[in-house]
Amino acid sequence: MMKYNHKQRLLSAALLFAFTVPGCLADAVYNAEAYCSSVMDLSSNVKLTDKNNNITLSLRDSDVQQVLRMFADKAGMNIVFHSSVSGKVTLDLVNTPINDAFKLVLDIAGLNYYKQNNTLVIIAKGDSDNASFSKQEMMVFPIKYVSASRIAEFLNSNVFAMQKVGLSSVEAATVNTATNEVIVFGMPSDAKIVEKVIAQLDREPLSKTFVVNHTTPAEMANMICNFLLPSRGTVNGSSSSGSSRSSSGSATGGAASTASGSGDIKLGEGVVACSVAPAAPKSSASSFDVQNLAVSYFPQRGTVTLMGGSEAQMAMVEKFVKENDIKQPQAYLEVSIVELNEQGSKEFTNDWAIQSKAWNFHFNGTSSSGGREGGVGQRVYDVTEHYWIEPSYDENGNFLPPQYIAVTGKKPYPGGNSSYLSWQMNYLIENSKARVLANPKLLITNGQESVIDLTQDYVEKVTSEFLSSTGTGMGAIGTVQRTYTIGEDKGIKVKLTPFISPEGYVTLNISPEYATEAGQVTTKSLTGTSDLQATLLSRRNLDLKNIRIKDGETLVIGGMIQEEDSKVVRKIPILGDLPVVGTVFRSTTSRKTKSELVIMITPRIINDGDGAVADNL
C-alpha cells in the first residue's frame with residue numbers, strides 16, 4: 001500500500017479543489033489580479049401550477065388559444081383571452097416541465113399572462129392594455145447608497161422594456177425622491193427581479209486611501225488623473241486647478257500648502273482632482289454610472305483618496321501609487337560665484353602758463369584761459385613781511401614800547417610785469433582690482449527647479465508731480481510728490497533643474513543671469529526737478545541644457561567677460577597737431593575696465609535614504 005506524505009496530500013487537495021470549484025473562483029485563488037464577473041438571470045419565475053409535472057407534446061400549426069386552453073386544463077385554472085391573442089404554433093417537447101412548456105409557448109407567440117385569483121389573462125405583449133392588467137400591486141424598495149432615480153430608469157429601460165413573460169411589459173418603476181425609494185406598480189412576480197437588480201447595483205461605494213510619502217498628494221492625484229485614468233473613460237474636472245492650489249514643486253517628505261485664497265490652515269481640507277465617467281456603450285441598453293471613480297487629495301494629511309469605481313480600478317491605482325511614490329534622489333550642491341573686476345587708467349597732462357606785460361595764457365589739459373594783465377593769467381604768490389616799530393609816546397604822553405608786527409599780502413612773481421613762460425608735465429598710471437564672491441550651498445531634488453537669488457532692489461524710475469499747486473508770474477508752486485519705481489533684477493540669479501542618475505551623474509539645466517547698472521537717464525519734470533527716467537542695466541545671461549557632471553567633480557562656467565575702453569585727448573589747437581613736439585601740447589587720459597563672471601558648481605549625491613544633510617556639509 002502506497003503511503004502519501006504531507007506534500008502529496010496538499011497537492012492532491014489543491015488539484016481536487018481546482019477541478020471542483022467554479023472557474024472564476026479558481027482563477028482568483030491562483031491569480032491575485034483575477035476578478036470574477038457577476039451573472040444575474042433576468043428570466044421571470046413563470047409558475048402555472050405547483051405540480052410541475054413533465055409533459056411530452058407534439059403540435060403542428062395548432063391554434064395558440066387551443067394550446068393554452070390545454071395548459072389551463074392541466075393546471076386546473078380558468079383562462080381568458082384578450083382580443084389581441086391570435087396565431088398558430090408548432091412544437092415538439094419531450095419530458096419538459098409544464099411551467100417551462102407554458103413559458104415557451106407564450107414567448108413564441110409574443111404573449112404575456114397575468115394571474116387574477118384562479119384565472120389566467122392572456123394578452124399580446126405589445127398591446128396597450130398591458131398597463132391595466134400589470135398594475136396589480138404597489139411595491140416599495142428602499143435604496144441605501146445610490147440614486148433611486150437611476151435604478152428606476154435602469155429597470156424601465158433594461159428589465160421591463162424587454163417584455164419578458166411573467167413580468168410587467170410597461171414602465172412600472174418610479175421613485176419617491178424624499179426617501180430615495182423605488183416604487184414598482186406591477187405584478188408580484190416583478191418583485192424578485194427588482195430585488196435582484198437592486199442587490200446588484202445598490203452597493204456601498206468602494207473607498208480607499210493611499211498615503212504618499214515622497215511626493216505631494218496633489219502631484220500624485222494629478223498623475224493618476226492625467227496618466228492612468230484616461231484609458232478607463234472620460235476624465236472630468238481639471239487636475240491642473242488642483243495642482244495650482246497645492247505647493248509648487250515637490251520635496252521628499254514635503255507637505256503641500258492649503259488651498260489658494262485661504263490664509264488659515266484648515267485641517268483635513270480636501271480637493272477633488274478629477275472623476276472618471278466611463279463612456280456608455282452604443283446599444284439599446286441603458287448605462288448605470290452613479291458610482292463613477294472620483295480622485296481627491298488632502299494636502300494636510302498627505303493622502304490621496306479614491307471613491308467609487310471597481311475593485312480592479314482600486315488595485316490598478318494602488319499599484320500605480322506604489323510604483324511612482326518613490327524616494328527621489330537628492331544632491332548637495334556647492335556653488336561658487338566669483339566676479340573679477342579690473343580697472344586701469346593712464347593720464348598724461350601738460351600744464352602751460354605764458355605771461356607778458358600786455359596779456360597772459362594758461363592751459364592745464366582740462367581747461368584753457370587767457371586775457372589782459374590782471375586777468376586769470378596773472379601769477380602772484382602769498383607773502384608775509386615783518387616790520388619793527390621803534391618805541392614812542394602817544395598824544396597823551398604815555399610810553400609805547402617797541403613792537404614787531406607781520407603783514408600778509410600778495411606779490412607778483414619776481415620780475416614784476418615782465419614776461420615769463422612755465423611748463424609742467426604730469427604722467428600718472430592707476431590700477432585697481434576687485435573681487436565679488438558668493439558661495440551659496442543648497443539641497444536639490446531630482447526634477448525640481450532650484451533658484452539662487454542674489455539680486456537687490458534699486459530705483460528704476462522717479463516721477464514727480466504736483467499734489468496741489470498755484471500759478472504765479474514765476475511759474476507753478478505747490479506740494480510735490482515723488483513716486484519711485486523699484487526694480488528687483490539687479491544682481492545674480494541662477495536657476496538649476498537637476499536630473500540625478502543612478503550611475504552617479506548629475507545632469508543640469510542651468511540659467512545664470514547677471515545684471516549690473518550701466519547708466520541712468522534723467523529728464524526735467526513739470527515740477528522743475530531732474531527726475532530719473534530709466535536705469536540702464538548691463539546683462540550677461542546664459543541658458544545651458546543637459547550639462548552632465550560626475551558626482552564630486554566641479555563644473556566651471558567662465559568667459560562671461562565685459563570690457564570697456566575709453567580715451568580722451570585734449571590739446572592746444574594747431575600746436576597739439578604738430579608731429580613729435582605736439583605731444584607736449586596735448587593731454588591724454590585712457591581708461592580700461594574689465595570684469596569676468598565665473599560660476600563653479602560641485603554636486604555631491606546623497607545616496608542613503610536617511611542621510612542627514614549635515615553629514616555632507
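Which residue forms a salt bridge with aspartate 543, and how far apart are the closest N and O atoms?

The model is predicted, so local features need pLDDT of at least 70 and side-chain atom pairs count only at pLDDT 80 or more, while totals for chains, interfaces and linings use all residues. Residues are numbered from 1 along each chain as its sequence is written, and side-chain values use heavy atoms, with hydrogens and water left out.

Solution. Step one is the rule: a salt bridge is a side-chain nitrogen of Lys or Arg within 4 Å of a carboxyl oxygen of Asp or Glu. Step two is the partner: aspartate 543 pairs with lysine 545, and the closest N and O atoms are 3.8 Å apart. Step three is exposure, where buried means under 20% relative accessible area, exposed over 50%, and partly exposed in between (1.4 Å probe, protein chains only). Both aspartate 543 and lysine 545 are exposed.

**Exercise 1. Salt bridges between strands**

Solution. Strands and helices here are DSSP runs numbered from the N terminus (helices are H or I, at least four residues; strands are E, at least two). Arginine 60 belongs to strand 1 (residues 54–63) and aspartate 92 to strand 3 (residues 88–97), so the bridge ties together parts 32 residues apart in sequence. Arginine 60 is exposed because its relative accessible area is 53%, and aspartate 92 is partly exposed at 47%.

Glutamate 517 counts as partly exposed at 38% relative accessibility, whereas lysine 490 is buried at 17%. Elsewhere, salt bridges that share partners join Lys103, Asp107 and Lys125 into one network.

**Exercise 2. The disulfide**

Identify the cysteines of the disulfide and state the handedness of the link.

Solution. A disulfide is a pair of cysteine sulfur atoms within 2.5 Å. The search of the whole structure finds one. Its partners are cysteine 225 and cysteine 274, with 1.9 Å between the sulfur atoms. The angle about the S-S bond is -90°, and the link is left-handed. It joins distant parts of the chain: cysteine 225 is in helix 8 (residues 217–228) and cysteine 274 in strand 11 (residues 271–277), 49 residues apart. Cysteine 225 is buried because its relative accessibility is 1%; cysteine 274 is also buried, at 1%.

**Exercise 3. Aromatic pairs**

Which residues make up the cluster linked by ring pairs?

Solution. Rings of Phe, Tyr and Trp (its six-membered ring) pair if their centres lie within 6.5 Å; planes under 30 degrees apart count as stacked, over 60 as edge-to-face and the rest as tilted. The structure holds two such pairs. In one, the ring centres of phenylalanine 71 and phenylalanine 102 are 5.9 Å apart and the planes stand at 65°, so the pair is edge-to-face. Phenylalanine 71 is in helix 3 (residues 64–75) and phenylalanine 102 in helix 4 (residues 98–109), 31 residues apart. Phenylalanine 71 counts as buried at 1% relative accessibility, and phenylalanine 102 counts as buried at 0%.

Phenylalanine 102 also forms an edge-to-face pair with tyrosine 113, at 5.4 Å centre to centre and 75° between the planes. Tyrosine 113 is in strand 4 (residues 111–116), eleven residues from phenylalanine 102, and tyrosine 113 is buried as well. The cluster is therefore Phe71, Phe102 and Tyr113, because ring pairs link them.**Exercise 5. Charges over rings**

Which ring lies under the charged end of arginine 301, and which under that of arginine 548?

Solution. A charge sits over a ring if NZ of Lys or CZ of Arg is within 6 Å of the ring centre and within 35 degrees of the ring normal. For arginine 301 the ring is that of phenylalanine 298, with the charged end 4.5 Å from the ring centre. For arginine 548 the ring is that of tyrosine 505, at 3.9 Å from the centre.

**Exercise 4. A sheet**

Give the strand order of the open sheet formed by three strands.

Solution. Two strands pair if DSSP finds at least two bridges between them. The order is 6-8-7, with antiparallel pairing. Strand 6 (137–142) and strand 7 (173–176) are at the edges with a single partner strand each, so one side of each has no neighbour in the sheet. From one strand to the next, the twist averages 30°. Strand 7 pairs with strand 8 (residues 181–186) over four bridges, and asparagine 176 stands opposite glutamate 181 in strand 8.

Note on methods: Axes are lines fitted to C-alpha atoms, for helices over the stretch in contact, and angles run from 0 to 180 degrees between N-to-C directions.
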